Amino acid sequence: MQKFGRRKTHFGINITIVVGWLTILFANSVTMLFIARLIQGLTLGGVLINCIIASEYCDPKRRGYIVAMKKVAMSVGILTCHTLALYWTWRQISLFAVFPPVIVMINTWYWPESPSYLALKEKIEECQYAFYWLHGKSTEKENELEILIAAQAGRTLKNKRNKCSAVLKLFYVFRDKGFVKSFLLATFLILAVDASGRVYYYTYITEILREIVKDEATAAYCTVVVDLSTTIAQIISVFLIHNLKRRTVLFSTGILSTVLMLAISLTSFLKSLYHFPSYSIWIILFIVMLQSFVSYIGLIPVCYNIVGEIFPLEYKDLAPSVSGISFMTFFFITLKFTPVIIDRTGLHGMYLIYGVCLLLTIFVLYFILPETKDRTLQDIEDDIRGIKRTALEVKPMLEDKLKPCP
């Protein structure tokens, strides 16, 4: 992403997705299916890269709800696949899944390059053109562009003076306060997302519902209902994130989600000990659906929003890779151990463990998470680094760089 730019990287991700789906479509053995999944696994970093790219391209006041729409699109995709699975074969679904990334590639072809990337590479005229193409021209936007270019001009000069090997560069990166703080924030945000249900609801929702209702057919149809409610929740989240502060959305929905998870644990545990009326399973089912709805209406989309906003521009190439370590570690643990936890401790044990993890994560984030709503990425970066910029500092650095933009 740092070498070839955001546009080419995004294009490459979607080409890989298409190849993965086509491999599944034409697979004639289990080995080919594994190869197809490995190909698709190469694009998993796109989950974080898309957040970063969307954050760079969007106006600060629109960034929140535009990034949140990414999660809406994912929910629509999952709902579509689960619904089609009731009527179509997996080959037919694979063919259908080829079309969205093809449409995205056509759209990406007409993008300008990211102004942040162009500023980092000192392509000032191209940066001006792309910035005004995306945001229009006004006094406010001119000031925003000046700060962006000034910040990267000083950083590029420092990097030229301190050229070193890749290993030493990585060592220095982890000594940088701005990067380390961003990495810790991203790690806790991803942990909150996974503890609240991102992975186990996507992957094991049918098994969780079957554990509650004790009927395969009912669980399958309830899965579609959960997917539909999740999609509705994420559509609502677009408006919440646009109108409310990030911290307000995260902590209110995070605390409520934790309470509901502990309530599911308690009711499931009591039901395993005592004989309750048959309708009690529908109460538990309702709380599970409500907890999923609460998580997707605020906690999960706002966490992805913030992950895309907090990394310093000069480390945007490392951000998906290093955050991907946390992302894939939690993903792997949740994916592989959720069935084991349900088998060993029951549904109540699973919700208790994840509920406590979420509670602890929310507690830590309360003290270290900055507010990012309606702030430029450069302003957020300066806040994390503890830098205060004034117009007097910015102007002299730009006198020989900025040219009138037609």
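Phe96 is partly exposed, at 37% relative accessible area (buried is under 20%, exposed over 50%, partly exposed in between, with a 1.4 Å probe and protein chains only). The model is predicted: local features need pLDDT of at least 70, side-chain atom pairs count only at pLDDT 80 or more, and totals for chains, interfaces and linings use all residues. Residues are numbered from 1 along each chain as its sequence is written, and side-chain values use heavy atoms, with hydrogens and water left out.

**Aromatic pairs**
- Rings of Phe, Tyr and Trp (its six-membered ring) pair if their centres lie within 6.5 Å; planes under 30 degrees apart are stacked, over 60 edge-to-face, and the rest tilted.
- The count by this rule is twelve aromatic pairs.
- Trp88 and Phe96 are edge-to-face, because their ring centres are 6.0 Å apart and their planes stand at 80°.
- Trp88 is partly exposed, at 36%.
- Phe251 and Tyr366 are also an edge-to-face pair, with 5.4 Å between centres and 65° between planes.
- Phe251 is in helix H13 and Tyr366 in helix H15 (residues 318-368), so this pair ties together parts 115 residues apart in sequence (helices are DSSP runs of H or I, at least four residues, numbered from the N terminus).
- Phe251 is buried, at 9% relative accessible area, whereas Tyr366 is partly exposed, at 47%.

**Helix H16**
- Seven of the nine residues of H16 (residues 377-385) are buried, so the helix is largely enclosed by the rest of the structure.
- Among the buried residues are Leu377, Glu381 and Arg385.

How values were computed:
Helices (H or I, at least four residues) and strands (E, at least two) are DSSP runs, numbered from the N terminus.
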